[in-house]
Amino acid sequence: MKPSSIAEATGSAEERILAAAAEEFASNGFFGARTQAIADSAKVNKAMLHYYFRTKENLYGQVISVAFQKILARVAQAWMEPGPIEKRVEKIVDSYMDHYERNPDFLRIILREVVDGGERFRRIFKEIQRKELAPEPFSALDMIDRVSEELHLSRSDVVHFVVNLVGMSAFSFISPLLLETLVHFHVPDFQAYLKDRRAAIKAMALSHVKAAIAGSKRSEQ
């Protein structure tokens, strides 16, 4: 069973609609997606779909918003919990990799948004920022400032570090096609490849963290 179809089989009507919508938007884009197809896949009628989400655009926004709430909650917890930052960075990499692995449709939606110019995405993110999705009492800026203080890095450096983590994790799911096409490197076992990618991303991230800590200690001497 596809990860994004689990809610369709066992969840509430609202969860089934969101799972079906994620698949439909990923396959056909925002304009090509049909609400009737979403309703049929979720095993509800269109009246119920409209009852929960009113419009296709609102449903699209909810698909993206719910996905981001899940990943941001896990990442925020990892950033802000006590313990060595090295262990927390490893948890963050796992959070991103788990999210993309369990929600393959989400990454396809993001790629379509990039191609389409991202206007809907910008509107959705303004709403996400307004609602402050990071678990209270932490905000995204709180997380950046904590890491900045721990590693003695600027906010800009921390932002780039986070972008690298997100980008490397997301690209892991796209890279097999490029590897096979560009360098004729075949990936026979995708799950084994993803496991190796986790280890590689963690190694690169921890190398960056260790270098930052070492630089901080040198500056204090």
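Visitor: Which residues have the most contacts inside the largest nonpolar core?

Guide: Please keep in mind that this is a predicted model. Its largest nonpolar core has 59 residues, and those with the most contacts inside it are Phe25, Leu59 and Trp79. Helix H5 supplies the largest share of this core, 12 residues.

Visitor: Which residues does Phe25 touch?

Guide: Leaving aside residues up to four places away in sequence, Phe25 touches Phe30, Ala33, Ile38, Lys56, Leu59, Tyr60, Val63, Ile109 and Arg112.

Visitor: At what angle do the axes of helices H2 and H5 cross?

Guide: Angles of 65 to 115 degrees count as roughly perpendicular. The axes of H2 (residues 13–32) and H5 (residues 56–80) come within 10 Å and cross at roughly 110 degrees; the two helices are therefore roughly perpendicular to each other. Phe25 of H2 and Leu59 of H5 are among the residues that make the contact. By class, this contact has 11 nonpolar, one polar and two charged residues.

Visitor: How many salt bridges are there?

Guide: A salt bridge requires a side-chain nitrogen of Lys or Arg within 4 Å of a carboxyl oxygen of Asp or Glu. By this rule the count is 14. One of them joins Arg120 to Glu113, with the closest N and O atoms 2.9 Å apart.

Visitor: Are Arg120 and Glu113 buried or exposed?

Guide: Both Arg120 and Glu113 are buried. Another salt bridge joins Glu119 and Arg122. Because Glu119 and Arg122 are three residues apart in helix H8, about one helical turn separates them. Arg122, at 47% relative accessibility, counts as partly exposed.

Terms used: Residues are numbered from 1 along each chain as its sequence is written. This is a predicted model: local features need pLDDT of at least 70, side-chain atom pairs count only at pLDDT 80 or more; totals for chains, interfaces and linings use all residues. Side-chain values use heavy atoms; hydrogens and water are left out. Axes are lines fitted to C-alpha atoms, for helices over the stretch in contact, and angles run from 0 to 180 degrees between N-to-C directions. Helices (H or I, at least four residues) and strands (E, at least two) are DSSP runs, numbered from the N terminus. Angles under 35 degrees count as roughly parallel, over 145 as roughly antiparallel, 65 to 115 as roughly perpendicular and the rest as oblique. Contact means heavy atoms within 4.5 Å. Ala, Val, Leu, Ile, Met, Phe, Trp, Tyr, Cys and Pro count as nonpolar, Asp, Glu, Lys and Arg as charged, and the others, Gly among them, as polar. A nonpolar core is a set of buried Ala, Val, Leu, Ile, Met, Phe, Trp, Tyr and Cys residues joined through side-chain atoms within 4.5 Å. Buried means under 20% relative accessible area, exposed over 50%, partly exposed in between (1.4 Å probe, protein chains only).
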